Amino acid sequence: MHPNRFLAVEATIIKSAELEVKLGIKRVIRMRVDILSLFPEMFVSPFNESIIKRAREKELLEINLINIRDFAAGKHQQADDYPFGGGAGMVMKADVVVPALESCKDADSWVIYLSPQGRPLNQTRVAELGQKSHLTLLCGHYEGIDHRVGDMLDEEISIGDYVLTGGELPAMVLVDAVARMIPGVLGDEESAREESFAHDLLEYPHYTRPRTFRRKEVPEVLISGHHEKIRLWRKKQSLLTTLLKRPELLLNREYDSEEKLLLQEILFNREL
């Protein structure tokens, strides 16, 4: 189910596809993402803006929104019910969720349930998921899903140890992070390689014009034009930023000889 406000982008894609069929051009979608939710309208604005919108228009990313309620029987399309054994909250019904998953699952599908019990999402897992051709994201709600849905899941993913109303926001986070891994989405592939966490380090500081702002100057090395000095400065600053803000990221990391030397300079020159 595509909410109405998705139609503008969808119409552009469909028109392009029809022309390509006439010209005998084969369309190639780099990644397909099916999102199953009780509240698909929540995704309309985030996916119609910025990088995700451009990725869809360039047909590098196909996003399908599936309303789980469409698979519920009865006039009221009830997708949840009270838990057996009693207790607070409602549970999403297996006889609704499973048919919804079956409607979009194929041989290439990797089915992810967004859940607080899942494996914490990190950049390593994001890069791995970026290699998949078809992701199916199931957004939980209320007290979660009937345990019998579990046989259809490939993994559970959490975006943090805190409570959210449902899996919709985690699904948005996951799609945004994974989309950046698809070749051609960012335009500049170097951007993805240099971002925070790409090498288990936080990114170095950035500066732009003006060169002087309220007596604060841009570091001289960045306007020197010396590419090797700039590279080393950025690497050193990345190590320093990680040490100050997320030191736990450095504990189990393998260091090359250059990084070891830069860390020694930071520690022994008291640059903290």
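Author: Exposed means over 50% relative accessible area, buried under 20%, and partly exposed in between (1.4 Å probe, protein chains only). Helices (H or I, at least four residues) and strands (E, at least two) are DSSP runs, numbered from the N terminus. This is a predicted model, where local features need pLDDT of at least 70 and side-chain atom pairs count only at pLDDT 80 or more, while totals for chains, interfaces and linings use all residues. Residues are numbered from 1 along each chain as its sequence is written, and side-chain values use heavy atoms, with hydrogens and water left out.

Reader: Which residues of helix 9 are buried?

Author: An α-helix has 3.6 residues a turn, so residues three or four places apart point the same way. In helix 9 the buried residues are Glu 259, Leu 262, Leu 263 and Ile 266. They lie on the same side of helix 9 because they cover an arc of only 100° around the axis, taken from the directions from the helix axis to the C-beta atoms. Helix 8 (227-245) is what these buried residues pack against, contact meaning heavy atoms within 4.5 Å.

Reader: What caps the N-terminal end of helix 9?

Author: Asp 256 does, with a side-chain oxygen 3.1 Å from the backbone nitrogen of Glu 258. Just after helix 9, Arg 270 has a positive phi of about 55°.

Reader: How many salt bridges does a search of the whole structure find?

Author: Side chains of opposite charge can pair when their charged atoms come close. The cut-off for a salt bridge is a side-chain nitrogen of Lys or Arg within 4 Å of a carboxyl oxygen of Asp or Glu. The search finds 13 salt bridges.

Reader: Is Glu 259, the partner of Arg 253, buried or exposed?

Author: Glu 259 counts as buried, at 6% relative accessibility. Arg 253 is also buried, at 13%, and the closest N and O atoms of their salt bridge are 2.8 Å apart. Elsewhere, salt bridges that share partners join Glu 228, Arg 231, Lys 235, Asp 256 and Glu 258 into one network.

How values were computed. A polar contact is a pair of N or O atoms within 3.5 Å; within protein, one must be able to donate a hydrogen and the other to accept it, and residues adjacent in sequence count only if both atoms are side-chain atoms.
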